[in-house]
Amino acid sequence: MCGIFGYVGNKNCIPYIISGLEKLEYRGYDSAGIAYLKDKNLEIKKIVGKVQNLKEILDFNDFSNVGIGHTRWATHGGISVENAHPHTDCEGNIAVVHNGIIENYKELKNFLMSKGHKFRSQTDTEIVPHLLEEMVDKEGMNLEEALKELFKRLEGAFALLIIDKRRPSILYALRKQSPLIVGFGTGENFVASDIPALGDYTERFYYLKDNQMAIVSDKEIKVYDLKTNNYIEVEPIIVPQDGIRAEKNGYPHFMLKEIFEQPLVVRRILSTLDRDKDKFIFEDIKNVDISWEKIRKVFIVACGTSYHAGYYAKFLWEKELPYFIEVELASQMHHRNLNIPEETLFITISQSGETADVISTLRKVKENGFKVLSLVNNPQSTVARESDYFINLRAGVEIGVAATKTFMAELVYLELLKEYIKSRLYNIKIDLDKWNMLPTYLESYLSQIKDRVFEVAKKYYQKRNFLYLARGKNFPLALEGALKLKEISYIHAEGIPAGEMKHGPIALLDPETPVFGIVYKDETYSKMINNLEEAKARKAPIIAIGNEWDEKLESLVDDLIPVPNVDPFYYPYMGAMVLQLFAYHVANLLGREIDQPRNLAKSVTVE
Ligand code: AGP
């Protein structure tokens with residue numbers, strides 16, 4: 001998952017690289033490192049931990065025109081200085097940073113060791129500088145030939161930045177599967193894993209495609225395409241900087257800011273609804289050319305929070321649309337056969353659009369002739385670009401590793417999409433008033449419950465295990481609540497379908513294990529009440545999100561976080577915010593690193 005950043009130009013590369021790495025830390029923060037050329041030599045500095053630690057060991061009086069940096073999410077090899085990038089060859093001529101996984105690194109390492117190369121790390125990446133050294137110094141290739149040959153010899157995914165002290169004013173960038181973007185400056189050029197790292201310096205970008213190599217100098221960016229064996233003309237896209245910068249705006253953490261931004265996100269999405277026409281239609285759907293009446297099956301694929309949004313949609317869609325809906329984790333799709341009818345539509349959901357498992361599923365199903373509609377928060381991402389149809393989630397940049405506002409956007413779009421299909425299939429009018437009220441309801445609900453959620457979090461934050469219980473369409477929300485809590489607070493939490501408790505999990509209950517129920521007055525209500533009674537009988541403390549003035553529920557639970565008695569349409573959106581805020585406060589009370597929880601990264605670009 002790692003973030004990589006490179007600079008070549010007429011200024012000092014060090015501050016650029018450091019600032020770029022800080023913006024890429026959401027991709028991993030186990031260690032950080034930088035390599036730059038100084039007096040015709042490679043200077044390498046690396047540390048364990050965050051970029052802040054790297055800053056402390058850097059000499060900012062050093063000056064260099066070309067350099068590369070890395071912030072790591074460890075895959076191969078533990079978290080140590082030796083395993084931190086950049087990595088070099090035996091002679092210290094070449095420095096490499098890498099995002100991805102080189103799957104055949106063991107064979108290559110054995111081969112290189114048999115040729116006398118000495119390795120200093122346990123990483124897959126280190127084979128790259130040694131292999132280049134072997135090809136250039138022993139096999140007699142020039143560096144560019146060797147770099148092209150790398151595409152053939154390396155299996156797996158890679159975004160690589162490479163500098164060679166013998167070619168002091170050039171930076172090489174290679175991409176296969178892992179994202180890599182070049183930024184066009186004036187007298188300087190950049191390469192990074194993601195646009196936010198470049199947004200302070202340029203608005204002109206080019207997304208390298210698979211099997212492309214950029215040869216970057218201060219004056220030009222040449223792009224070589226392995227498929228055509230030629231240099232190609234590339235046209236930069238313009239992405240205005242306003243859309244890229246992310247600030248906390250006075251909030252202590254990005255996550256909290258992003259939770260409170262949700263009504264705004266919903267308003268933004270709803271502003272794309274076409275209100276003048278009789279037909280229910282929204283902006284991005286206009287480009288989706290699907291014969292909805294021919295579809296028999298919808299297969300939704302995603303990971304983590306996005307999977308939970310898809311799982312929620314399954315219940316909604318199944319109820320109102322004539323489709324069989326299946327939801328699967330993208331990581332599980334590697335192991336599945338596609339024995340499914342031709343009239344199947346695939347939907348992938350991904351806030352980043354760079355999740356490796358989602359990308360590989362997308363490619364697999366497209367190879368099998370299926371159409372893919374994707375919901376993605378980054379229109380330039382691989383998923384967005386490679387899908388047949390694409391809906392932009394419009395949540396804005398999400399910095400907190402825990403997905404919040406993108407989850408909200410996914411829920412809203414999946415429901416809008418359902419409404420759209422319904423209106424097409426049955427020629428019925430959709431109740432727009434209900435939608436129009438959503439942002440306002442969410443706004444007032446947030447201000448109404450924020451103190452209550454904090455109060456409840458204060459009461460329970462020291463517990464070590466939580467069970468989140470719900471039924472039917474509320475169950476995916478329970479999964480999401482548990483995921484939010486575990487990923488940012490490191491408390492063990494499980495989402496369990498309430499009806500399954502008696503088949504095993506009920507054995508976990510005791511006075512130290514709070515149960516968090518989702519108990520709206522809907523079709524799941526009476527069975528949920530029974531399940532919470534069963535938990536109470538085992539002396540588990542009970543927290544619940546449920547309707548206000550529900551005396552039965554109030555007398556049963558220890559702590560109720562109420563939703564107002566409005567149309568049940570609003571409940572999941574309100575409930576999602578409660579679950580996010582609860583996890584946030586618990587993690588904050590425990591002093592966790594909320595925006596960058598341990599072992600995680602925002603974009604999961606390895607399988
Ligand atoms: C959410 O809080 C998590 N950080 C994670 O589960 C995330 O949802 C998952 O990695 C999928 O990411 P994507 O939406 O970018 O594909």
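Q: In what order do the 8 strands of the open sheet come?
A: This is a predicted model, and in it the 8 strands follow the order S3-S2-S4-S1-S10-S9-S11-S15, with antiparallel pairing. Strand S3 (41-48) and strand S15 (237-238) are at the edges and have a single partner strand each, so one side of each lacks a neighbour in the sheet.

Q: And what packs on the sheet?
A: Helix H1 (residues 13-24) does, touching strand S1 (3-9), S2, S4 and strand S10 (188-192), and the direction of H1 makes about 155° with that of S1.

Q: Back to S2, how many bridges join it to S3?
A: Strand S2 (residues 31-38) is joined to S3 by 8 bridges, the two running antiparallel; among the facing residues, Ile34 stands opposite Lys45 and Lys38 stands opposite Asn41. The hairpin of S2 and S3 has 2 residues between the strands, and there Asp39 takes a positive phi near 50°.

Q: Which residue of S4 is the bridge partner of Ser31, then?
A: That is Arg72, and S2 and S4 pair over 6 bridges in the antiparallel sense.

Q: Why is S2 largely enclosed?
A: Because 7 of the 8 residues of S2 are buried, the strand is largely enclosed by the rest of the structure.

Conventions:
Residues are numbered from 1 along each chain as its sequence is written. This is a predicted model: local features need pLDDT of at least 70, side-chain atom pairs count only at pLDDT 80 or more; totals for chains, interfaces and linings use all residues. Side-chain values use heavy atoms; hydrogens and water are left out. Two strands pair if DSSP finds at least two bridges between them. Helices (H or I, at least four residues) and strands (E, at least two) are DSSP runs, numbered from the N terminus. Contact means heavy atoms within 4.5 Å. Axes are lines fitted to C-alpha atoms, for helices over the stretch in contact, and angles run from 0 to 180 degrees between N-to-C directions. Buried means under 20% relative accessible area, exposed over 50%, partly exposed in between (1.4 Å probe, protein chains only).
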